[in-house]
Amino acid sequence: QVQLVESGGGLVQPGGSLRLSCALSGGALSSYALSWYRQAPGKEREKVASVDRFGGVINYGDSVKGRFTISRDNAKNTVYLQMNSLKPEDTAMYYCNALRGWPTRDEYWGQGTQVTVSS
């Protein structure tokens, strides 16, 4: 059974950096497109960044472009989100998502890791 476990969240001051990690177990990371989402209290879940299976197609939400970087290490079965120049509005629970469409459509979510940006 595939499981995703996020780590790396915490409290950081505005302008600081954090690196989130998401480890996949029970399967091969290389089979999945991967995304990071976030959800702040009272707001809808927002896609922050995504990377395709091969690492060749990467997309970012407008609010994080130029500040966040998604990367994947298939050998370590881990996807990362490097977050720089953090702002208070980046405060949210961050979730990892794995999706594949073949041979069956499978989608998995992690439990989330909290990021709080505050002075």
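Mentor: Start with a definition: two strands pair if DSSP finds at least two bridges between them. Keep in mind that this model is predicted.

Trainee: How many bridges pair strand β4 with strand β9?
Mentor: Strand β4 covers residues 33-39, and strand β9 covers residues 92-100. They pair in the antiparallel sense.

Trainee: In β10, which residue is the bridge partner of N97?
Mentor: Strand β10 spans residues 106-109 and runs antiparallel to β9, with 4 bridges joining them. A hairpin of 5 residues links β9 to β10. The partner of N97 in β10 is W109.

Trainee: Which residue in β11 stands opposite A92?
Mentor: Strand β11 holds residues 113-117. It is antiparallel to β9, joined by 3 bridges. Opposite A92 stands V115.

Trainee: Which strands are the edge strands of the open sheet of 4 strands?
Mentor: Read the order: β1-β3-β8-β7, with antiparallel pairing. An edge strand here pairs on one side only. That gives β1 (3-7) and β7 (68-73).

Trainee: What does the twist average from one strand to the next in that sheet?
Mentor: Follow the order β1-β3-β8-β7 again. Going from one strand to the next, the twist averages 15 degrees.

Trainee: Which residue in β8 does R19 stand opposite?
Mentor: Strand β3 is residues 18-25, and strand β8 is residues 78-83. They pair antiparallel over 6 bridges. R19 faces its opposite number in β8, Q82.

Definitions and conventions: Residues numbered from 1 in each chain as written. Predicted model: local features only at pLDDT ≥ 70, side-chain atom pairs only at ≥ 80, totals over all residues. Heavy atoms only, no water. Helix = DSSP H or I, 4+ residues; strand = E, 2+ residues; numbered from the N terminus. Axes fitted to C-alpha atoms, helices over the stretch in contact; angles between N-to-C directions.
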